[in-house]
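Good morning, colleagues. Please have the sequence and the model before you.

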Amino acid sequence: MNEPHKTRTTLRLQRGRKRRHQTFWWLLVALVFMLTPWLMDGGKGGLWHDDTRFFAPRLGLGAFRDAVATEVATLSTGHGTWGLAFSPHGRYLAASSPQTAFVQLWDWRKDRVVRRFRRSGSDIMVTTPLAFSPHGRLLASCQSDAYTIIQVWNSRTGAVVDNIPSPPSGGDCLALAFGPQGHSLIWIRSWLGNPPPNLRMLLVYSTRTWTERWGLATGPFDPNALAVSAHGHWAALGGGTNTHRNEDFIQQIALVNLRRHTLVHLIGTFPLSQWSGHGKLRLGPSYPSRALAWGSQHQNVAAGVWSAGMGTANVIRVYNARTGAQVAGESGPVGTKISALRYTPHGRYLIEAGIRHMVEIWDGAHQHLLQKIPHQAWSLAVSPHGHYLALGEGRQIQIWRLQS
C-alpha cells in the first residue's frame, strides 16, 4: 500500500527539481542577454552611454536579437571608395574613387567589373558623387576639371553622352541627383566664401538637351549637400550661412520647391562657434555637413555633421520637412564625422555611417537602433527597391541584404 504512494511522491519531487532547474537556466540566459550591450561597450554604459544623451533611445530587450541586414558579398577594389550608386534594379553597382581615373561598374553578384568609365577629372576630390537615372541608361558623375564639371555616360555602352562644361563664374560640383522621371539633372555648385547674391547655386539641367533649364540663387546660404523627395517636388539643401563678418557659421537646411523654382524656408540649427564666459569657443560641429537624406514615410529630412569641438555634439539631426521642427537626433564623441546618410526608398530604415566607426541602422523615425555594423564606411548606397545596402571603405565594398 505504501509503495505506490512512495512512487508518486518521488515523481512529484523530481518534477519540482526539473522545474527549478529550468527556471534557473532561463533566468541565467536572460541576465546574460541584458548585460551583453554593456559588456560589448567595455562597461562604460553600453548603449546608454552619455555620448547619446541627446534624444537617446530606450532600446527594448531583444533589440539586436534579429539582424535586419545580412552580408551577402564582398568586392575587392584595391583602393578607397568614395562614391556608390546602384542601378535601378540593383543588379549593378557603380563605384568611384579619387585614387583612380575610372568609375567601375560591378556585377556584384558575380564579383566582376563589367565596364569602366574614364573620368576627365584630374584633381583629387574629397567626394565623388554618382547618380543613375531612374531608367538606368544614364550614369552621371561630378568632376574636378577645368573644363568639365559633370560627365554623363551611357551605362550600357560606356559612351560619353555629354560633358557639362564648368560655368564661366566658376565653382565645382558638390552633389547631384536625377529627377524621379529622369527628365532633369539637379546639382549644386561650390563657392569659396559667401556666394554673390545673384550667383545660381542650385542648377537644373534638361537630360534631353543638356542645357540649363533654370537655376536658383541661394545666397547668403551656401549649400553643399542635396536630397530630393521621392515624388520630386522638393529638394533639401544642406549647408549654412556665415554671420557676424564670417565669424559664425549657422548650420541650416534649405527647402526648395522644384515646381515653383523657389526657396521656401530655412531650417536653422545652431552656430558652430558659441560664446563662453571668457570669449568665443568652438563647442559644436565645426564643418558643414555633406550628409543629407530625405525620408518619404515621415516626410523627415536627416542631416549629419562633423564634430570637432570641445564636447559631444548632436551629430545626427532629423527635422520634419513641413514644420521645420527637430524630431529626433543622436550624439557622438568629439571627432565624429558623419560620412553618409541614407533612407531606404519607403522610409523603413535610416542608415548612418560615422558614429564610433560604425554603420548604424535605425527605424525610419529614428526611435529604435536596430543593428550596428562594425565598418568605417565613407560611402553608402541603397538599391532603389530597398533590398540591398552597399558600404564602401578602404580596399573593399560590402553588400548587405536588408529585410523588406
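**Strands and their partners**

Let me begin with strand β3, residues 92–96, which is mostly covered: four of its five residues are buried, buried being under 20% relative accessible area with a 1.4 Å probe, protein chains only. Strands here are DSSP runs of E with at least two residues, numbered from the N terminus, and two strands pair if DSSP finds at least two bridges between them.

A word on the source: this is a predicted model, in which local features need pLDDT of at least 70, side-chain atom pairs count only at pLDDT 80 or more, and totals for chains, interfaces and linings use all residues. Residues are numbered from 1 along each chain as its sequence is written, and side-chain values use heavy atoms, leaving out hydrogens and water.

Which strands does β3 pair with? On one hand, strand β2, residues 83–86, runs antiparallel to β3 and is joined to it by four bridges; there Leu84 has Ala95 as its bridge partner. These two strands form a hairpin with five residues between them, and Gly90 in the turn has a positive phi of about 80°. On the other hand, β4, residues 102–107, is also antiparallel to β3, again through four bridges. Ala95 has Gln104 as its bridge partner in β4, and a hairpin of five residues links β3 to β4.

I turn now to an open sheet of four strands, ordered β1-β30-β29-β28, with antiparallel pairing. β1 (69–76) and β28 (379–382) are at the edges with a single partner strand each, so one side of each has no neighbour in the sheet. For β1, the pairing with β30, residues 396–402, is antiparallel over seven bridges, and Thr74 stands opposite Gln398 in β30.

How values were computed
Buried < 20%, exposed > 50% of the residue type's maximum accessible area, 1.4 Å probe, protein only.
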